[in-house]
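Here are a few exercises to work through with the model open in your viewer. Try each task before you read its solution.

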Amino acid sequence: MYEQVAHSLLNEILDRLKPEIRRQDLRHFYTRLGANFYAIHSLFHLLYGKRSDFTEQMINLVEVMANQYITRSKQLEQSDIAREKEHNWFLSQQWVGMALYADGFADDLRGVRSRLPYLQELGINMVHLMPVLKCPESASDGGYAVSDFRQLDSRVGNLDDLRELAESMHKREMLLVFDVVVNHTSDEHAWAQMARSGKQKYQDYYYIFGNRDVPDMFEETMPEIFPETSPGNFTWDETMGKWVMSVFHDYQWDLNYSNPAVFIEMIDIILFWANQGADIVRLDAVAFLWKKIGTSCQNEREAHLILQLMKDCCQVTAPGVLFIAEAIVAPVEIIKYFGEDAVIAKECEIAYNATFMALLWDAVATRNAKLLNQGIRNLPDKLDRATWLNYIRCHDDIGLGFDDRDIRLAGYEPLAHRRFLVDYFTGTYDDSEAKGQPFGVNEKTGDARISGSLASLVGLEWALEQDDPEAIERAVKLILLLHGMILSFGGIPLLYYGDEIGTLNDCSFLQDESKAGDNRWMHRPQLDWQKAELRLRHGTVEQQIFDGLKKIIAVRKSIPAFADFNNRELLELDNPHLFAFWRSHPNQSGDRVLVVANFDASPQYINLNELGNRGMFCYGQVKDLCSGESPALFKEQLVIPPYRFYWLTDQQPEVEL
Ligand code: GLC
């Protein structure tokens with residue numbers, strides 16, 4: 001769109017760019033800047049237009065984009081151009097991810113590189129490397145308290161190791177997801193240190209107050225994130241003699257994005273890591289980016305403007321790079337992190353599907369899909385060119401952030417139901433084999449979340465202790481069932497390291513003083529490679545899980561209807577134990593798959609007539625794409641065995657395993 005003010009400012013900026021920047025070949029940069037400048041200028045103006053240094057800051061921003069463009073390698077630039085042409089590339093069913101800690105998975109970055117064949121054996125082609133930037137030895141929140149955004153934590157490696165890892169991954173056609181903690185820094189970061197020493201410029205990078213007046217006003221409406229270990233949202237800093245906003249831990253200082261210098265620093269950092277080979281940048285805690293008195297300081301409109309601006313800037317310099325929004329918030333809010341456009345993601349192309357994750361856990365505990373069906377029915381439609389990150393477990397706790405209305409519509413009372421779930425997964429409930437622990441218990445609000453590894457939460461730990469083969473079989477089936485769901489729902493499935501071999505809770509964190517107060521460490525294990533070797537021995541639990549996953553991952557990749565084109569149709573069934581939906585490819589008619597899952601301990605039935613007019617499902621021809629079996633039919637009813645799922649079609653499976 002031609003707009004005079006933005007256009008003349010752009011001309012002025014280009015004239016003022018430093019000579020060394022002007023001399024470079026900036027053809028693609030100029031094209032993209034021209035195309036995006038109106039949006040960048042408008043957003044920057046909305047956020048910072050009232051400041052007297054607005055134009056200066058705008059020039060700084062363009063300079064940062066230009067400088068990072070100049071340092072982008074030819075190879076990455078080619079990949080940008082290829083991805084611009086094939087802009088739906090990330091919606092393909094080919095992508096299957098895994099999140100892992102470099103040290104927990106393979107000691108360090110070189111170790112991760114040497115283990116890439118293991119990941120490929122399973123079918124993983126996208127790796128979310130948990131935070132690897134420099135952070136304090138102890139007060140680090142697992143790497144989410146960064147003390148230097150441009151240096152790696154020397155315990156896991158250096159920049160060369162990271163570049164080599166990225167190169168090796170790219171040769172194998174694997175994607176690298178890199179974590180950038182945009183909302184806060186460690187109190188040991190140079191900016192925080194300079195703020196401490198009294199430098200106003202850096203005090204302006206944070207929310208710092210001389211007395212409790214403003215902090216008290218904020219506290220009236222801000223919830224607590226870690227009520228047990230870090231109550232409140234402000235920390236008294238002895239050296240400064242001032243209060244600092246620290247929403248997460250007391251050593252994590254919130255950055256002040258109402259200062260454009262903070263925005264510019266952060267976009268520079270994001271582009272820096274894009275230039276080191278990150279294909280996707282995970283933006284941590286994005287819901288918290290804007291603080292406003294009288295609000296919960298989450299999901300504010302300006303937080304969205306900041307993300308839009310980040311996306312627009314990234315599109316100019318590194319357009320092939322995608323963003324993942326880590327916003328673990330209510331479904332109606334999560335959806336907004338794609339941006340409120342009709343089609344294209346204007347903020348983050350990918351967002352964690354925390355809603356689906358929590359609903360799956362609800363189905364495990366209740367053995368029915370009532371709330372799951374209800375919750376998914378009410379999950380707002382997402383944009384066409386945006387996708388979910390579907391997961392079961394990750395490094396964080398499981399929050400029970402369902403909509404209260406949905407809980408009621410499913411026939412439960414919200415408070416009692418949430419309490420039941422916490423009791424169930426912490427093994428307090430009589431009929432439960434789960435071995436999780438409560439996390440983030442807030443005595444004031446009654447809120448609680450859940451920690452624990454996938455295997456321990458579905459009862460594998462308990463079953464092994466009891467030496468109960470039936471219970472072991474049940475747990476293995478549940479592990480595969482849950483993965484069957486994230487692999488077929490629509491979006492990118494993100495496995496969690498260790499789950500592929502049934503890793504149990506690891507309580508060794510209790511021996512480490514810096515971790516003992518945070519039981520999320522029970523599901524951040526040191527991968528046991530001897531246990532991983534057991535995947536090669538027939539009949540072991542590890543082999544059953546690993547091979548089961550390997551197979552369903554391979555089958556997923558062969559089903560075009562599993563690409564994410566908003567092509568899921570939820571089925572309304574009479575049977576509350578079943579969760580079922582159609583997936584159909586928009587351009588390949590006939591290519592339809594019926595996904596159906598039974599969360600109950602008994603076989604459940606689906607009446608084929610309930611499927612409506614689906615000609616393809618002729619009796620006797622229905623096949624499960626995973627096993628190649630034809631499911632049993634009983635009096636016109638299809639039988640779904642306990643804790644099983646089917647991907648049904650009347651086409652023959654194409655993969656030979
Ligand atoms: C994100 C991370 C979590 C961390 C928090 C603060 O939610 O996933 O592990 O504690 O941000 O950085």
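**Exercise 1.** Find which distance separates an oxygen atom of the ligand from an N or O atom in the side chain of His184.

*Solution.* Start at His184: the distance from its side-chain N or O atom to a ligand oxygen is 2.9 Å. Next, take His395, where the corresponding distance to a ligand oxygen is 2.7 Å. Then go to Arg520, which has a polar side-chain atom 3.1 Å from an oxygen of the ligand. Polar contacts here are pairs of N or O atoms within 3.5 Å. Finally, widen the view: the residues around the ligand (a heavy atom within 4 Å) include Asp141, Tyr144, Asp284 and Glu326.

A word on ground rules: this is a predicted model, with local features needing pLDDT of at least 70, side-chain atom pairs pLDDT 80 or more, and totals for chains, interfaces and linings using all residues. Residues count from 1 along each chain as its sequence is written, and side-chain values use heavy atoms, leaving out hydrogens and water.

**Exercise 2.** Work out in which order the five strands of the open sheet run.

*Solution.* The order is β18-β19-β20-β25-β22, with antiparallel pairing (pairing takes at least two DSSP bridges). At the edges sit β18 (568–570) and β22 (623–624), each pairing on one side only. Now zoom in: β20 (592–598) and β25 share four bridges, and Val595 has Trp647 as its bridge partner in β25.

Notes
Helices (H or I, at least four residues) and strands (E, at least two) are DSSP runs, numbered from the N terminus. A polar contact is a pair of N or O atoms within 3.5 Å; within protein, one must be able to donate a hydrogen and the other to accept it, and residues adjacent in sequence count only if both atoms are side-chain atoms.
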